[in-house]
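Here is a walk through a protein structure for someone who has not seen it before. Please keep the sequence and the 3D view open while reading.

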Amino acid sequence: MQQQRFFALRLSRCVLALADQSARPAAADPGGGTFPLFHRASPPSSVLRNEDLKEMLESNKESLKLEAMKRVVGLIAKGKNASELFPAVVKNVASKNIELKKLVYVYLVRYAEEQQDLALLSISTFQRALKEPNQFIRASALRVLSSIRVPIIVPIMMLAIKEAAADMSPYVRKTSAHAIQKLYSLDPDQKEQLIEVIEKLLKDKSTLVAGSVVVAFEEVCPDRIDLIHKNYRKLCNLLVDVEEWGQVVIISMLTRYARTQFTSPWKEGASFEENNEKAFYASDSEEKSERTEAEAYVMDPDHRLLLRNTKPLLQSRNTAVVMSVAQLYWHLAPRHEVNLVTKSLVRLLRSHREVQYIVLQNIATMSIQRKGMFEPYMKSFYVRSTDATHIKTLKLEILTNLANEANISTILREFQTYVKSQDKAFAAATIQAIGRCATNISEVTDTCLNGLVLLLSNRDETVVAESVVVIKKLLQTQPTQHSEIIKHMAKLFDNITVSMARASILWLMGEYCDRVPKIAPDVLRKMAKSFTAEEDIVKLQTVNLAAKLYLTNSKQTKLLTQYILNLGKYDQSYDIRDRTRFIRQLIVPNEKSGALNKYARRILLAPKPAPVLESAFKDRDRYQLGTLSHSLNSKASGYQELSDWPAVAPDQSVRNVEVVEPVRARSSQRFSLSGPASSSESEEQSSEESDKTSSDSGKSSSGSEETSSGSDSQQKKKKKTKKAPQKKSKTAAASRCYLFLRGKMVADVYSRASFQVTAPSFGPVKTYELLHHMTGKGLSAKYHFPRQPCLHQPGMVAVQVTLSNGSDRSLEEIHVGDRSPASLNIHCFNTIGEYEASSWCERLYLNKLLPLPEQAPPLPDKPLSLNNIDQAKKTCTISISLPLVHDCCTLYNTRPLNPRAHAQTHTHTHTQTQTQTHTDRDTDRRGSTLKLSIAGD
Amino acid sequence: MIHSLFLINASGDIFLEKHWKSVVSRSVCDYFFEAQERASEPENVPPVIPTPHHYLISVLRHRIYFVAVIQSEVPPLFVIEFLHRVVDTFQDYFGVCTEAAIKDNVVVVYELLEEMLDNGFPLATESNILKELIKPPTILRTMVNTITGSTNVGEQLPTGQLSVVPWRRTGVKYTNNEAYFDVVEEIDAIIDKSGSTITAEIQGVIDACVKLTGMPDLTLSFMNPRLLDDVSFHPCVRFKRWEAERILSFIPPDGNFRLLSYHVSSQNLVAIPVYVKHNITFREGSSQGRFDLTLGPKQTMGKAVEAVLVSSQLPRGVLNANLNASQGTYTFDPVTKMLTWDVGKINPQKLPSLKGSMNLQAGASKPDENPTINIQLKIQQMAISGLKVNRLDMYGEKYKPFKGIKYMTKAGKFQVRT
């Protein structure tokens, strides 16, 4: 009721405002400026239609309003001005009909900036919606509120953002990250406060938030690299699970970060000098070993972590992700690892034309520096007649870059086809490419030159002109007897009309006039006749030719030269008059010219250096690959420079994250340092496990030898410090090691599932013992509550049970037993057929009821290093879920899952030991029945 | 990030605009029109155009330019990929992505664009999430909505948004549980004048249509996974499992999706399914040219070559073509000079041929290049690389699904130079 009254009040205010507006029609419409054309041109009929729209909007019928709003949105979409409907529309902002409401939002966001006063009327609705229990409504309210570009509500927005940043729903937090940028663009003065929010959101562990907050970071404070330190490892590890658009921005941000934090992997023996000094004092044998160690560059483990975690993303279906990983490898990876990205980039060439264009541009830049990278894929760059012109030119560019002695004949054969192309611009580009190949590879220069001379008789003008220009450049690089070619060109001179080509021929005549002493004066004679009708560039070269001939052969050409100089003196163009005056002073001796005259010959006929034919992509590598700036070859606004590698790496420990130690004594945290009182046995296990994982990870990523060895040594350190009483004494190395292992986990076989399982290792995981392996005759069971929402049902809680089979028998038929009490609802997973002791089973995730592949024992030939694994430790992790009395969605956001309810689950795990074969199953049933009893604290 | 979006049709009208930040005047598109005028073909408009204050990044699909306005540095591929995703979504929703379809559904389009981007950054691009937010328009639903007054817009946050499997919604139910997989391979090849292969490679995709109840976990294994040289996955595929065992293990999205695209390693020799005998000549001084083309099957492993379509861009000087097709029909467009010949199925006993003469412009000189011939074809029930799916298993759900796998080979960019 109250709400209705509220609306009535607002309505009257709206009407007032409307009346006010109509009183001063011209000035009150700031929106008119945006589309003056449409505004003024709108015929009277549209005004009428808007009139009936207004009526519809003000009617009581929901369906009429909706219909009207749809038409209004249609107007907006067409770019027509619908701002005069603002008062009528804004009234419907609190409508119960969700579609109507959404359409009103669309309208509001579009016109609020123009009608600020009226827009304010809607603010309270959003403020109320921000408190809604439905997260979706909260999020969309924040979206609209922050999109209304009205400076007066900045404080309200700030408040809403701060609140939303602490919201329980990650979706709302994501929206708040977007709102940060909107507020920043509206009012840059809020920067400091916004940075605080960004800092807070950067710590967020949700994959949903990560991408958006990094966008906000890039927009608001890209220079505050210090905010990243603590979140660096988390971002690296989350990366695989972040949505694809977020991956792109995170990867490009991390590229920039890594260039400021790590030392260059490209310099060999960066730490050589330092160790050399030590070696001086050491004994000979030691020196040897020290040397080899010193020469090997040791990559910062965090650097390696980034490279390893981005590698799987090369397989992404999103081309932008693949490109961003490629640029990351290009800018950060050691030289020999960059080749990894080649295949994926070539794959992108199958994609849409626009994608091809960008990818080819990047390949062009890469192929200049690293020919070897793309040479095996040369044929992928062959041009098809159906390619768009800009694609063709780029492919040509790449082929030229890839040309070397071995493949030049293939490439030239291919070029021959291109020259004949119907697309003449492309044919001309091919001729230039041939010229470049000819200068770069001396073996084929003559062949190319002959080929180009043949092209001089081509029917197409552009082809001929381009050939002339290229031949001119080639002749310059090889100034030996090529008078035949010059003569041939002189013969063609009359037929060529393209000015650049004519100018080139004239220049050649002048430059090598001693080789063609008879022809050159004749050409000059012809030029004198047509001088006035020529293009500027041709005129300039004519003047040049005249000057050169005057110096070498003044008897024949004196009069001609004077005639041309006189023509030039009265030319319309400044340049030509200027040049003529200069040349006259230089070559014709008189009393004023003085000393310069003597040197005229040396000035004009000096040997000139040959032009270097270079790729247009030569200097593009100053921009980060994959960026807009690189694509345009000019700095785009907002481009962040990629810094050079620091000579000395900044402190690594800034990236260490304090792991909160569990208080409980019986916590055998996997992969993290255990508490002081943990039994030696569990300690043993965890270190063994981590041993195996680290060696695994060494295997999985090619060429990361130094990493695994690095983590090995850290392993030792960890063992040393493991008895340390408090987390403070934890060394940086150990914690890095811990992250390593996590890194491996993330990229595990069941990458998504396993990530979820290991997610809690950001905080403590309390593991509870269910069955000791002594009582269980080799079988032990532990369980813990993984801290993430249950996928199956929101009202359920995931429990993860880890079974370790230490016996030499197989486990069979692991399943959930009777469910008692009946009030409990356990999501059953399917029976796990068999869990063999003889073969190693890495981990089984019934990840929160995404039921797992049944075939528990993977194939025996599974490429896991069996020898590294203690046969006795075989772990099987399964998880079951149980309902919770309390509303569960409050549990799974930020705080650790803490099942307050005294929920109990009774799981019967039939363990069954079995001699050898499956057939014995029924006869040899001497397994025990476990009763898992799980109670929250 | 993305500031605004303009949709421009073939005749150069801006028929839709959407702004995610402040409004950018549509006059910014003038720079685009300038570039369009300079380009000889619609495809030749450069994808990235700088203007004094903005950057325009455009894609052309279905003869509509999707022009995004950018204000500051952003990876261009990011925008391009997103624009393509928009087109895919439209296609998914309306069946076709044409100007008419977009205009008819302008409200849905607007609602979609609103949900897909927030402040220029992609918010929801997964089809299943979008479909929960905004239901695709169907005739039936429109009728129901008008009667009951319910709407097309969802009120709840789509379940996918928060889950670890954002591509799948929960609570999927089907009476018939079925999973179909199409292995489609395309041959990209350039054949030179003499019939020898200059370059040939095979690209393939596995498209799936999965309609399964609940949360099934599927694994798909191949008889010969070694063939696959380079792959890209739908995000649902567990990458490490593939690395270790060469098995595709995934929780599938609901409905149609592309599971995998792959590239067959280039060491393998590619079987070329058809050969072309051609004789296209222009004589100097005469206004006649000869055109003679015969197709025949080459390495097809006993399967029939179907749906053959030959097209060729004839030189500009050709005025008309007077041809005789032994099979199928041919058309010649005198404006674009495009010759298309719809052959249909190749009968190995009676090879299809297209013979006749071409009339050239009087007085014009002989064209120096012979046209290239583009060929499209289809071979059913065969993947030309020899890739075979071994088995498909389902875990996690109790019912027995119906499974089906289909193979097909197509010609991709298959060109014969003459």
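The paragraphs below take up one chain as a whole, then the interface, and then some local features.

The model is predicted, and every value below is computed from it. Along the principal axes, the C-alpha trace of chain B spans about 75 × 55 × 45 Å. Chain B has 418 residues, and 58% of them count as buried. Among the contacts in chain B with a separation of 6 or more, 68% are between residues 24 or more positions apart.

Next comes the interface. Chain A contributes 111 residues to the contact, and chain B contributes 109 residues. Between them the two chains bury about 10,000 Å², with 57% of that area on carbon and sulfur atoms. On the side of chain A, the residues that lose the most area to chain B are A:W245, A:R350 and A:R384, which together make up 8% of what that side buries.

The interface also holds charged and polar pairs. There are 13 salt bridges between chain A and chain B. A salt bridge joins B:R417 to A:E414, where the closest N and O atoms are 2.8 Å apart. Sorted by class, the side of chain A that touches chain B comprises 41 nonpolar, 39 polar and 31 charged residues. Residue pairs in polar contact between the two chains, both at pLDDT 80 or more, number 37.

Now turn to the helices of chain A. Helix α33 of chain A covers residues 554-569 and bends by about 25° at A:L560.

Another helix of chain A, α30, runs over residues 499-511 and contains A:I505. Is A:I505 buried or exposed? A:I505 counts as buried because its relative accessibility is 1%, and the cut-off for buried is under 20%. Beyond its neighbours within four places in sequence, A:I505 is in contact with A:V468, A:M489, A:F493 and A:I496. A:K472 is 33 residues away from A:I505 in sequence, and the C-alpha atoms of the two are 7.4 Å apart in space.

In chain A, A:N633 has a phi near 60°, which is a positive value in a residue other than glycine. A:N633 sits in the loop that runs between α36 (628-632) and α37 (680-700) of chain A. With a relative accessibility of 22%, A:N633 counts as partly exposed.

In chain B, B:A307 is not a glycine, yet its phi is positive, at about 45°. Where does B:A307 lie? B:A307 belongs to strand β16 of chain B, which takes in residues 305-313. B:A307 counts as partly exposed because its relative accessible area is 42%, which falls between the limits of 20% and 50%.

How values were computed:
Residues are numbered from 1 along each chain as its sequence is written. Chains are lettered from A and ligands numbered from 1 in the order in which they are written. This is a predicted model: local features need pLDDT of at least 70, side-chain atom pairs count only at pLDDT 80 or more; totals for chains, interfaces and linings use all residues. Side-chain values use heavy atoms; hydrogens and water are left out. Contact means heavy atoms within 4.5 Å. Buried area is the accessible area (1.4 Å probe) that two parts lose on being put together, summed over both. A salt bridge is a side-chain nitrogen of Lys or Arg within 4 Å of a carboxyl oxygen of Asp or Glu. A polar contact is a pair of N or O atoms within 3.5 Å; within protein, one must be able to donate a hydrogen and the other to accept it, and residues adjacent in sequence count only if both atoms are side-chain atoms. Ala, Val, Leu, Ile, Met, Phe, Trp, Tyr, Cys and Pro count as nonpolar, Asp, Glu, Lys and Arg as charged, and the others, Gly among them, as polar. The bend at a residue is the angle between axes fitted to the seven residues ending there and the seven starting there. Helices (H or I, at least four residues) and strands (E, at least two) are DSSP runs, numbered from the N terminus. Buried means under 20% relative accessible area, exposed over 50%, partly exposed in between (1.4 Å probe, protein chains only).
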